[in-house]
Amino acid sequence: MKHNQDTTSFAPLLTLDHLRVDFQTRHGVVHAVQDISLSLSRGETLGIVGESGSGKSVTSYALMGLLDRAGRVTSGRAVYSGIDLLPTDESTMRDIRGREISMIFQNPRAALNPIRTVGDQIADVLLQHNQCTRQNARSKAIEALANVQIRNPDQRVDAYPFELSGGMCQRVVIAMALACKPRILIADEPTTGLDVTTQRAVMELVRELTRQHGMASILITHDLGLAGEYCDRVAIMQKGVIVEAGPAAQIFQHPTHPYTRKLVKATPHSAQSVLDLLPADSAGEEITEDKMTLVSQVESMFKQPLLERRQPVLQVQELRRSFVGKRTFTDMLARRPARAFEAVKGISFDIWAGESVGLVGESGCGKSTTSSMIMRLLDPTDGAIRFKGQDITLIRRDAFVHHPTRRTLQMVFQDPTDSLNPRFSAADSIADPLRRLVGLKDKAQIDRRVHELAQMVGLPSDLLTRLPHQLSGGQKARVGIARAIATEPDLLILDEPTAALDVSVQAIVLNLLVDLRMRTGMAYLFVSHDLEVVRLLCDRIIVMRAGEIVEQGPTAQVLASPVHAYTRELLAAAPRPPSEHRQDQEFVHA
């Protein structure tokens, strides 16, 4: 529930008046933000919602004075406490940033220095704005990490960014932004890499600080559930223009603009099938009778009990993985070795041919470690991984790259940008496994297969010559999927493949995955923290917590009647649009 503080009794903390931002490119001027006006009051949370390229982040960068050299504010004012931020010199802005107005950036790894510990980086912010001394900087950094629900903050404070998961890095960035208790917090997709329980904890923390300190916040997101639950007002942006604005409940329950209605429809919370996510006029995604039949076949495939089952395509048996931590100063004084951390604690599960299994849990629960061991990117400490009957843990990790089994086991990584070679065109990326793993050498044959794969994933042929930075997030995700299925694998591991995508692009990618699974017979291990996406895509669900499996079973059964308290906690933490809260309340009262 959003707070009920009367924000109208305060003068606005921030007023944005007719802001315009242009970018000079090789192809001419791009009008990224076009004449938008907004206001933000004390204690208020304003949501700016829209898809990639709509101008959400550009608006925030303009406010913070962080536009790159190609960007230029052509008109407008951004008034904070009587100061117009747009013409303010860099020295003054450096003092304002972090102390008065702070920002949580979308890409946590890019926002952190890879060669300094996270504790030192939090201390830098505190010291810059005189919020601590050299003597208590470490304890203040530990406190900041604890505030964003990082386990063992006294140990994590000495970790480097590359030693932490993506979700953990996101929490560190949030801790840095909140450290000085700023008056305005701008959160640019702050929970993209977080599980639902951490997401709720972080958003509740932001909301509590907003209440306690009269702070205001701007939430930039493509997650309509998050915006609906935590924002007082919402502005919907499309192509640099605000197309609709108003109270959050009104916008999501009674959207008036076609673009807003499209976003609401593409949100998976109320959908019964992946087809429900697609708008009726979805370009290139016609909902034909054949496709409806195809999706229905996939969704019913594992709902009926099977009389006969062959050997599972994957058998994970008592799998364990431990990591040796750093030897702390206390360890050295006590003359004891560094403590070992057991990330995966003897888990077992099977995946059958053609089945889609969801692996869910909070950041740090062992999901990514498990998928990395299955891919043989990590060696297990103990246990067995049987793929098509063969124990692949007996194959050395460096030798597995060239092993014949490697081509039948593929992975789609969480970040499509980082997983693609920036010097490879889309065609080169898709062709790479054809050359290395399949052994194709004939250029004409490779080109023909690349075009076939591009067509399968809905990637236009004219985009095959483009480099990753010339593609949108959805297009890069399609390239990653095409590359993974190029070798016709029996098992495809999908590590948060839609986490960073807009809801409409996510809808198309989910439909693509359902379509590919039916046509190729691939099995999926779908690693995710989004229970709604898992509900639509997976036959069975495995719930992990602290390295252990706490519950597993048919998806519909587990989500409808969870047995373990942690599963119930995950379901309760998932944000939902206001319309769904209203329906839930009506159901409870009934």
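Author: Start with Ala248, which lies in helix α10 (residues 248-253). Bear in mind that the model is predicted.

Reader: What makes Ala248 count as buried or exposed?

Author: Its relative accessibility is 0%. Buried means under 20%. So Ala248 counts as buried. The C-alpha atoms of Ala248 and Cys231 are separated by 6.4 Å, and the two residues are 17 apart along the chain.

Reader: How many helices and strands does the chain hold?

Author: There are 23 helices and 20 strands. Of the 590 residues, 53% count as buried. Among contacts with a separation of 6 or more, 69% are between residues 24 or more positions apart.

Reader: Where is Thr59, and why is it called buried?

Author: Thr59 is found in helix α1 (residues 56-64). Its relative accessible area is 2%. The cut-off for buried is under 20%, so Thr59 is buried.

Reader: Which residues is Thr59 in contact with, leaving aside its neighbours within four places in sequence?

Author: Thr59 is in contact with Leu16, Leu19, Val33, Ile36 and Met237. Contact means heavy atoms within 4.5 Å.

Reader: How do you know that the span of helix α19 agrees with its number of residues?

Author: Helix α19 has 18 residues, 503-520. At 1.5 Å a residue, α19 should span 26 Å. Its end C-alpha atoms are 25 Å apart, which agrees.

Reader: What makes α19 mostly covered?

Author: In α19, 14 of the 18 residues are buried. Just after α19, Gly521 takes a positive phi of about 80°.

Reader: Which strands does α19 lie across?

Author: α19 lies across β13 (356-360), β17 and β18. It runs at about 155° to β18. Helix α22 (residues 565-573) also packs on the sheet, touching β13, β19 (540-545) and β20. The direction of α22 makes about 100° with that of β19.

Reader: What is the order of the strands in that open sheet?

Author: The six strands come in the order β16-β17-β18-β13-β19-β20, with mixed pairing.

Reader: Why are β16 and β20 called edge strands?

Author: β16 (409-412) and β20 (548-554) each pair on one side only. The twist averages 15° from one strand to the next.

Reader: How do you know that β17 and β18 pair?

Author: Five bridges join β17 (residues 491-495) to β18 (residues 523-528). Pairing needs at least two bridges, so β17 and β18 pair. The two strands run parallel. The bridge partner of Asp495 in β18 is Val527.

Reader: What about β6 and β7: what makes them a pair?

Author: Four bridges join β6 to β7 (residues 184-188). The cut-off is at least two, so β6 and β7 pair. They run parallel, and Ile101 stands opposite Ile184 in β7.

Reader: Which way do the residues of β6 point?

Author: Ile101 and Met103 point one way from β6 (residues 101-104), and Ser102 and Ile104 point the other way. All are buried.

Reader: Why are Tyr160 and Phe162 called a stacked pair?

Author: The structure holds one aromatic pair. The ring centres of Tyr160 and Phe162 are 5.8 Å apart. The limit for a pair is within 6.5 Å. Their planes are at 15°, and under 30 degrees counts as stacked, so the pair is stacked.

Reader: What makes the charge of Arg321 sit over a ring?

Author: The charged end of Arg321 is 4.5 Å from the centre of the ring of Phe323. The distance limit is within 6 Å. The charge also has to lie within 35 degrees of the ring normal. The charged end of Arg321 sits over that ring.

Reader: Why pick out the phi of Ser81 and of Asn130?

Author: Most residues other than glycine have a negative phi. Ser81 is not a glycine, yet its phi is positive, about 50°. Asn130 has a positive phi too, near 55°.

Reader: Where are Ser81 and Asn130, and how exposed is each?

Author: Ser81 is found in the loop between β4 (71-80) and β5 (83-84). Its relative accessible area is 43%, so Ser81 is partly exposed. Asn130 is in the loop between α4 (118-128) and α5 (137-147). At 69%, over the 50% cut-off, Asn130 is exposed.

Notes: Residues are numbered from 1 along each chain as its sequence is written. This is a predicted model: local features need pLDDT of at least 70, side-chain atom pairs count only at pLDDT 80 or more; totals for chains, interfaces and linings use all residues. Side-chain values use heavy atoms; hydrogens and water are left out. The expected span of a helix is 1.5 Å times one less than its number of residues. Buried means under 20% relative accessible area, exposed over 50%, partly exposed in between (1.4 Å probe, protein chains only). Rings of Phe, Tyr and Trp (its six-membered ring) pair if their centres lie within 6.5 Å; planes under 30 degrees apart count as stacked, over 60 as edge-to-face and the rest as tilted. Axes are lines fitted to C-alpha atoms, for helices over the stretch in contact, and angles run from 0 to 180 degrees between N-to-C directions.
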